[in-house]
Amino acid sequence: MASSEVGRARTLLAHLVSEPEATMDDYRRLYDEVLANFELPGDAEVEEVDAGGAAAIWVSAPGTARDQVVVLVHGGGWCMGNAKGYREFGYRISASADARVLVVDYRLAPENPFPAPVDDVVAAYRWAREQEGVRRVALVGDSAGGGLVVSALVKLRDDGGPLPNAAVVCSPLVDLAGEGASLTDRAHLDPLPAKTLVEAMGGAYRGGVDPKNPLASPLYADLSGLPPLRVLVGTDEGLHDDSVRLVDKVRAAGGEAELEIGEGLVHIWPIFNFLPEAQASTERIGEFLRKRFANPA
């Protein structure tokens, strides 16, 4: 059974759509208000950097390994969110994965539509790989950031060069065509109008590009030859089927993909640090990444 704190998570998600006449600036403010609930511990090591042309923030828990890096890609429908708001999640991942975390402040749509956000994630990953002493790099993202992670994996594979050692995505948004049945079937369980957000913010992100463009909607890409992937999703979200279909397609292409489904849990539940389930899932994310760092494919 989900914890009683899930109600608080639902309330925070509902806050994102609490102003019916909201502008893009309003949505960004509302998302920042949600992220302000997650306080960064005082012992965090934080440094703002230019990561190959992409703004980013290093976040590390004390004593973590210097040769392992997790590139963290925030959610927010490609149009909202920022690296500052994801420092606390980055700190937890740093502690659990024994790695430094580089939170990418990728350019936002609609001012910077596809492929700008993907390009920023790829640039930050390549920059992290080039840092002195770095031996292992993984990617982690949630919601639209999870979709950007999968897009980046596809682009990195196609471009050649070293791939990440692993990737983790939480409630990834990987289908801009919105063909997942759960967008409708589970709408009554989701505090977010997921189908509407996919159409509106997804439309702002793709900027006229075909919704099944394989880099914008990586569910429609060739998903063979990707690094090990872990996917987390809740039962109570419209994007449930994006995760299930993503895992099925990776496995069908011969890849390794794990799926964790949070019973009674909502969209991007691992970021809600007050949830016992989120704390436990962060530990499992860390375990997955430590294993792949220690035994690279």
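Axes are taken here as lines fitted to C-alpha atoms, for helices over the stretch in contact, and the angles between N-to-C directions run from 0 to 180 degrees. This is a predicted model, in which local features need pLDDT of at least 70 and side-chain atom pairs count only at pLDDT 80 or more, while totals for chains, interfaces and linings use all residues. Residues are numbered from 1 along each chain as its sequence is written, and side-chain values use heavy atoms, with hydrogens and water left out. Helices (H or I, at least four residues) and strands (E, at least two) are DSSP runs, numbered from the N terminus.

**Helix packing**

- Helix 4 (116-130) and helix 5 (144-159) pack at an angle of about 65°, and their axes are 9 Å apart.
- That makes helix 4 roughly perpendicular to helix 5, on a scale where angles under 35 degrees count as roughly parallel, over 145 as roughly antiparallel, 65 to 115 as roughly perpendicular and the rest as oblique.
- Helix 4 passes helix 5 in a right-handed crossing; a crossing is right-handed if the near helix is turned clockwise from the far one by less than a right angle, and left-handed if anticlockwise.
- On the side of helix 4, the contact (heavy atoms within 4.5 Å) is made by Pro117, Val118, Asp119, Val121, Val122, Tyr125 and Arg126, and on the side of helix 5 by Leu148, Ser151, Ala152, Lys155, Leu156 and Asp159.
- Helix 3 and helix 9 (residues 276-294) pack at an angle of about 50°, with 7 Å between their axes.
- That angle makes helix 3 oblique to helix 9, and the crossing of these two helices is right-handed.
- Residues of helix 3 that make this contact include Phe89, Arg92 and Ile93, and those of helix 9 include Ala278, Gln279, Thr282 and Phe293.

**Aromatic pairs and charges over rings**

- The structure holds 7 aromatic pairs, where rings of Phe, Tyr and Trp (its six-membered ring) pair if their centres lie within 6.5 Å, and planes under 30 degrees apart count as stacked, over 60 as edge-to-face and the rest as tilted.
- One of these pairs joins Trp78 and Tyr205, which are stacked with 4.6 Å from centre to centre and 0° between the planes.
- This pair links distant parts of the chain, 127 residues apart, since Trp78 belongs to the loop between strand 3 (68-73) and helix 3 (87-97) and Tyr205 to helix 7 (residues 194-206).
- Both Trp78 and Tyr205 are buried, a term that means under 20% relative accessible area, whereas exposed means over 50% and partly exposed lies in between (1.4 Å probe, protein chains only).
- The rings of Tyr86 and Phe89 have centres 6.5 Å apart and planes at 65°, so this pair is edge-to-face.
- Tyr86 counts as buried at 1% relative accessibility, and Phe89 is buried with a relative accessible area of 2%.
- Phe38, Phe272 and Phe274 form one aromatic cluster, and Arg8 lies over the face of Phe274, at 4.0 Å from the ring centre.
- Arg100 lies over the face of Trp58, at 4.2 Å from the ring centre; a charge sits over a ring if NZ of Lys or CZ of Arg is within 6 Å of the ring centre and within 35 degrees of the ring normal.

**Backbone features in loops**

- The peptide bond from Ala109 to Pro110 is cis, with omega near 0°, and Pro110 is found in the loop between strand 4 (100-104) and helix 4.
- A cis peptide bond also runs from Phe114 to Pro115, with omega near 10°, and Pro115 is placed in the loop between strand 4 and helix 4.
- Trp78 has a phi near 65°, a positive value in a residue other than glycine, and its relative accessibility of 1% makes Trp78 count as buried.
- Ser143 has a phi near 55°, again positive in a residue other than glycine, and this residue lies in the loop between strand 5 (136-142) and helix 5.
- Ser143 is buried, with a relative accessible area of 7%.

**The surroundings of Asp190**

- Asp190 lies in the loop between helix 6 (182-185) and helix 7, and counts as buried at 9% relative accessibility.
- Leaving aside its neighbours within four places in sequence, Asp190 is in contact with Asp236, Glu237 and Gly238.
- Asp190 and Tyr125 are 65 residues apart in sequence and 33 Å apart in space, C-alpha to C-alpha.
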